[in-house]
Amino acid sequence: MSVDASRLRDLTLELVQVESPTGDTAAVARLYARRLEELGMEVELLDEQFPRTPIVVGRLRGDRPGPTIVLNGHLDTVPIPHEAPRIESETIVGRGSADMKGALACAAEAARVVAERGSFPGELVIVAIGLHEAPGGRGEDLTWLLGEGGFTADYAVVCELAGDSFVAAHMGQATVEIEVSRPGMPTHELQTPKGTPHPLLAAGKVIAALEARTAELATSEHANPAELSVGAETYFLGELHGGDFYNRFPTTCRLVGTRRWQPGKQLAEVQEEFDALLAPIAGETGCTIELDLRLVRDSYWIDPEEKLAVALRESYREVAGNEQPLIGMKVVADGAIFHQAGIPTVYHGPVGTGAHADVETMGVPELVRATRVYLALLERLWA
Ligand SMILES: [Zn+2]
């Protein structure tokens, strides 16, 4: 009953060979579902709510009562072109190898070993989704599954984000779109009445206000329930669009970016703070300023002394031989959705290179290591 490195390598490569940008994962979901079925799992392909991104739910039922434990991952990848998938000695190269089809291969391999082992309590469930990567996905499918879908569990492992560290907290994040506008049509610079609100100048004030607020936030880290640093909150702008001709008086300007906040803060509070920053600029410039703040993921945290967290940290020590440092992260992930649903959740996965970069890789030894940690974790939670 040992972890099979070649199975891990082959399944990762097979999954990577099926392109699956966010929102378009039906083919890879069907392939993954088939592979889970072959391991003896009961598999459902939930495609009614999200036909283009069916949710794969694979169950392995134990022979006596016990906890339901979920290994979760996403089958979608960022929609960035990548050279053709291949194996280079002990490494799988291809889009999605690191983020995070390798991890889903680990989950499948863990289930295979458990199925062979036979007797165990409770249930091992694999959940794979297709609407993870923002902005195309915001975890709508997982949110549905844990809400209306009625899915529940006792523990969850989101199989990414960190391997050699223990993520005890991460920030919440929203996308930001600000539209600054004035009434009327674009007009010649010289034929526009004096005092007409100028959207570009108002946008300049918005930029200055967000910069000043971010600088202020950088000097003081607010307390959060995780009592662990995740870094300072930020307002960030990545796009600015406005005006259409050098001597036309513009009517709109659009700013696009992100807002990241401390664990424990709610989106409503973030919205209020943002509105309070923008309202005076609208008043002062006469422009209309509309903010579209859309949640990417909530924040997440776990007490590192909680049962699941301790079990993961001990399992990692057993497999890797050293301690995981406790860390907080700025980046968001799907643990937040389980956390919101009240399911104790940890992050752990194989660590590859180049997630979202031009070249993505995952090493086979790392796949083996992560699978062993999952198996050790299951043993602890069953004990
Ligand atoms: Zn990912």
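Good morning, colleagues. The model is a prediction, in which local features need pLDDT of at least 70 and side-chain atom pairs count only at pLDDT 80 or more, while totals for chains, interfaces and linings use all residues. Residues are numbered from 1 along each chain as its sequence is written, and side-chain values use heavy atoms, with hydrogens and water left out.

I begin with the whole protein. It contains 9 helices and 18 strands; these are DSSP runs numbered from the N terminus, helices being H or I of at least four residues and strands E of at least two. The radius of gyration is 24 Å, close to the 21 Å that the globule rule gives for 383 residues, so the protein is as compact as a globular protein of that length. That radius is taken over C-alpha atoms, and the rule is 2.2 Å times the number of residues to the power 0.38. Along the principal axes, the C-alpha atoms fill a box of roughly 80 × 45 × 40 Å. Of the 383 residues, 53% are buried, where buried means under 20% relative accessible area, exposed over 50%, and partly exposed in between, using a 1.4 Å probe and protein chains only. Among contacts (heavy atoms within 4.5 Å) between residues at least 6 apart in sequence, 79% join residues at least 24 apart.

I turn now to an open sheet. Its 6 strands follow the order β1-β2-β6-β3-β7-β17, with mixed pairing; two strands pair if DSSP finds at least two bridges between them. The edge strands, each pairing on one side only, are β1 (42–46) and β17 (345–347). Neighbouring strands in this sheet are turned by 20° against each other on average, direction ignored. Within the sheet, β3 (residues 64–74) and β6 (residues 121–129) run parallel and are joined by 8 bridges.

Helix α2 (residues 26–38) lies across β1, β2 (55–61) and β6, at about 165° to β1. Axes are lines fitted to C-alpha atoms, for helices over the stretch in contact, and angles run from 0 to 180 degrees between N-to-C directions. Helix α7 (residues 307–320) lies across β7 (155–158) and β17, at about 30° to β17. The 14 residues of α7 reach 20 Å from first C-alpha to last, close to the 20 Å expected at 1.5 Å a residue; the expected span is 1.5 Å times one less than the number of residues. Its buried residues include Leu 308, Leu 312 and Tyr 316. Their cover includes β7, β8 (166–170), β16 (326–329), β17 and α9 (364–382). Just after α7, Gly 321 takes a positive phi of about 90°.

Which residues coordinate the zinc ion? They are His 74 through NE2, Asp 99 through OD and Glu 160 through OE, at 1.8 to 2.0 Å. In sequence, the spacing of these donor residues is H-x24-D-x60-E. Asp 99 in helix α3 (residues 97–117) and Glu 160 in the loop between β7 and β8 link distant parts of the chain, 61 residues apart. Both Asp 99 and Glu 160 are buried. Donors are N, O and S atoms within 2.8 Å of the metal (3.2 Å for Na, K and Ca), and water is not among the atoms, so sites may look incomplete.

Elsewhere, strand β13 (residues 252–261) is mostly covered, with 7 of its 10 residues buried. It runs antiparallel to β9 (residues 172–181), joined by 10 bridges, and Ser 181 has Thr 252 in β13 as its bridge partner. β13 also pairs with β11 (residues 234–242) in the antiparallel sense over 8 bridges, with Glu 239 opposite Val 256.

I close with two residues. Pro 197 is in the loop between β10 (187–188) and α5 (199–219), and is buried at a relative accessible area of 18%. It stands 16 residues from Ser 181 in sequence and 8.3 Å away in space, C-alpha to C-alpha. Beyond its neighbours within four places in sequence, Pro 197 contacts Arg 182, Phe 249, Thr 285, Gly 286 and Cys 287.

Ala 108 belongs to helix α3 and counts as buried, at 3% relative accessibility. With neighbours within four places in sequence again left aside, Ala 108 is in contact with Leu 11, Tyr 32, Leu 36, Leu 39 and Ile 126.
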